[in-house]
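Welcome! Please take a moment with the sequence and the 3D view before reading on.

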Amino acid sequence: MSEALTIQLRDGARELALELDEQQVTQLMEFLAVLQKWNKVYNLTSVRDPQEMLTHHLLDSLAAVKPLQRYLASLPHGQRERLLDVGSGGGLPGVVFAICCPQLDVSCVDTVAKKAAFINQAAATLRLPNLHGLHARVETLTQKFDVVSCRAFASLVDFTHWSRDTLAEHGIWFAMKGKRPDEEMAALGHDVDVFHVEQLQVPALDADRCIVWMRPVA
Ligand SMILES: C[S@@+](CC[C@H](N)C(=O)[O-])C[C@H]1O[C@@H](n2cnc3c(N)ncnc32)[C@H](O)[C@@H]1O
């Protein structure tokens, strides 16, 4: 990967007030390299240009890291939190979260076997013991998670419906969306509480982005 892309990554991280050490910067650039390499074989993303991969995938996912870290820091300390990234595809945002939050245990679930295999391969290549690829439909999982995330996956109704049983007690949903999805939020039933919609600013990308934070209502 070119030095120019690494500089752009460092600048973006600084803009997002993210404290990344050298190893994390290296892992993010290695992730970009394996994503580009295996995309040809596994068809992981329609984005093929490395520059576009940096802005539309890496920086876009990095913009959600600080809000996630803030949430994790607000939880009572003691146990290692678990995050499930639903419909993770080529590992977005799950792999980026696993690199930036080493204290977090991240599982990326996808119905496509080669995508889940790619995540396990990336975990080995990038030396990320806190990253796991799961080949399954999210509806069939029995494990429980503190945070259940998604990006470019499904409507909020389908996402919350299909993944509800994967939430641990006090678990929350973290949906990465483009423009504030007012219609999708209005379509949610009374069993889902949207407790925050957080606007994001992605470095080098002039686009609407937000996180829809939700919790289940009994
Ligand atoms: C549009 S891709 C998004 C990939 C990635 N999150 C991103 O932002 O680039 C949606 C992914 O969801 C997966 N998927 C669809 N239905 C699923 C389900 N029920 N359980 C798990 N994964 C699913 C698809 O195989 C696909 O890889």
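What you see is a predicted model, in which local features need pLDDT of at least 70, side-chain atom pairs count only at pLDDT 80 or more, and totals for chains, interfaces and linings use all residues. Residues are numbered from 1 along each chain as its sequence is written.

**The whole chain**

The chain holds eight helices and seven strands. Helices (H or I, at least four residues) and strands (E, at least two) are DSSP runs, numbered from the N terminus. With a radius of gyration of 16 Å, close to the 17 Å that the globule rule gives for 218 residues, the chain is as compact as a globular protein of that length. Here the radius is taken over C-alpha atoms, and the rule is 2.2 Å times the number of residues to the power 0.38. Along the principal axes, the C-alpha atoms fill a box of roughly 50 × 35 × 35 Å.

Of the 218 residues, 37% are buried. A residue is called buried if 20 or more other C-beta atoms lie within 10 Å of its own, exposed if 12 or fewer, and partly exposed in between, with C-beta atoms placed from the backbone. Among contacts between residues at least 6 apart in sequence, 67% join residues at least 24 apart; a contact means that the C-beta atoms, placed from the backbone, lie within 7 Å.

**The binding site**

An unreviewed UniProt entry places the feature "binding site" at G87, L92, V138, E139 and R151. Such positions are given in the numbering used here, feature names are shortened, and annotations may be inferred rather than shown by experiment.

Which residues come nearest to the ligand? Of the 18 residues around the ligand, they are G87, G89, V138, R151 and A152. To count as near, a residue has its C-beta atom, placed from the backbone, within 6 Å of the molecule. The shell divides into eight nonpolar, five polar and five charged residues. Ala, Val, Leu, Ile, Met, Phe, Trp, Tyr, Cys and Pro count as nonpolar, Asp, Glu, Lys and Arg as charged, and the others, Gly among them, as polar.

G87 sits in the loop between β1 (82-86) and α5 (94-100). This glycine counts as buried because it has 23 C-beta neighbours inside 10 Å. Setting aside residues up to four places away in sequence, G87 touches D110, C150 and F153.

V138 belongs to the loop between β3 (131-135) and β4 (145-151). V138 is buried too, since 23 other C-beta atoms lie within 10 Å. Beyond its neighbours within four places in sequence, V138 makes contact with V86, V109, W162, S163 and T166.

**Backbone details**

The loop between β1 and α5 also holds P93. The peptide bond from L92 to P93 is cis, with omega near 5 degrees.

H170 is exposed because 10 other C-beta atoms lie within 10 Å, while A204 is partly exposed, with 14.

**A link across the sequence**

Q121 lies in helix α6 (residues 113-125), and is partly exposed, with 15 other C-beta atoms within 10 Å. Although Q121 and V34 are 87 residues apart in sequence, their C-alpha atoms are 9.3 Å apart in space.

Notes. Contact = placed C-beta atoms within 7 Å.
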